[in-house]
Amino acid sequence: MHGFDALLVPGGYDVDPRRYGEEPLETTVPADFSAQDDFEAGMIAAAVEQGIPVLAICRGFQLLNVERGGTLVQDLEADSPHRNSVHEVVLAEDSRLATVLGAEQLSVSSYHHQAVGRVGAGLRAVGTAPDGIVEALEFEDPAIELLAVQWHPEDSAADDPRQHALFAWLVERASQHAAQ
């Protein structure tokens, strides 16, 4: 990944459930481009290997978990508070994410119908919703500069300094990586 100083992996369509050993449900909406999972997974792996800072949002968060051997719940209940709503997330006080956001609890914009089932190897859940759904992941190894969130910080980053802080963190880390 020469020439990259940071990586942002955005939201999008569903990760192919075959990647974690399940058949797709009728509600699964795969990516338009069939190689998207492979391409984005390769980008994440290369960035982590080369010490490039990563911010993974929604689909990126889910793909990270799957690529580390985790699973997803393919379809949350239709009345789930994660579908097209704002809900609270509690962050682990010792997490990089809590430090970056300057908060241990915040409201997040959410519209996902899938969620982390089993957390992947080497990752730790550092944010959860009141119903126990994992909303944020980090590597257990603090040297790996990666933040992964299930919600959409871009929805309110212009008005919410905590959400904006995620993007500011990525830009700052990119700048430091470029200077190395």
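This report describes the fold, the nonpolar cores and some single residues of a predicted model.

## Overall fold

The protein chain contains four helices and nine strands. Read from the N terminus, its elements follow the order β-α-β-α-β-β-α-β-β-β-β-β-α. Along the principal axes, the C-alpha atoms fill a box of roughly 50 × 35 × 30 Å.

A compact globule of 180 residues would have a radius of gyration near 16 Å, and the protein chain, with 15 Å, agrees with this. Contacts can also be sorted by how far apart the partners lie in sequence. Among contacts between residues at least 6 apart, 66% join residues at least 24 apart.

## Surface and charge

Of the 180 residues in the protein chain, 49% count as buried. The chain exposes about 8,600 Å², and carbon and sulfur atoms supply 52% of that area.

The protein chain carries 10 positive and 30 negative side chains. The centres of these two sets lie 4 Å apart.

## The nonpolar cores

In soluble globular proteins, nonpolar side chains tend to be buried together. In this model, the largest nonpolar core has 24 residues. Leu 7, Leu 64, Leu 137, Leu 146 and Ala 148 touch the most other members of it. At least two residues of this core come from each of β1, α1 (36-50), β2 (54-57), α2, β8 (134-139) and β9 (146-149).

## Helix α2 and its ends

Helix α2 spans residues 59-67 and is mostly covered, with eight of its nine residues buried. The buried residues are Arg 59, Gly 60, Phe 61, Gln 62, Leu 63, Leu 64, Asn 65 and Val 66.

Cys 58 lies in the loop between β2 and α2. Its phi is near 50°, a positive value in a residue other than glycine. Cys 58 counts as buried because its relative accessible area is 7%, under the cut-off of 20%. Just after α2, Gly 69 takes a positive phi of about 90°.

## Two exposed residues

Asn 84 is found in the loop between β3 (72-73) and β4 (85-91). Asn 84 is not a glycine, yet it has a positive phi of about 55°. Is Asn 84 buried or exposed? Asn 84 is exposed, because its relative accessible area is 67% and the cut-off is over 50%.

Gly 3 is found in the segment before β1 (7-9). Gly 3 is exposed as well, with a relative accessible area of 77%. Where does Gly 3 lie relative to Leu 55? The two are 52 residues apart in sequence, and their C-alpha atoms are 17 Å apart in space.

Methods:
Residues numbered from 1 in each chain as written. Predicted model: local features only at pLDDT ≥ 70, side-chain atom pairs only at ≥ 80, totals over all residues. Heavy atoms only, no water. Buried < 20%, exposed > 50% of the residue type's maximum accessible area, 1.4 Å probe, protein only. Core = buried A, V, L, I, M, F, W, Y, C linked by side-chain atoms within 4.5 Å. Rg over C-alpha atoms; globule rule 2.2 N^0.38 Å. Contact = heavy atoms within 4.5 Å. Areas by Shrake-Rupley, 256 points an atom, 1.4 Å probe, with all protein chains shown as cover. Lys, Arg positive; Asp, Glu negative; His and termini not counted. Charge placed at Lys NZ, Arg CZ, Asp CG, Glu CD.
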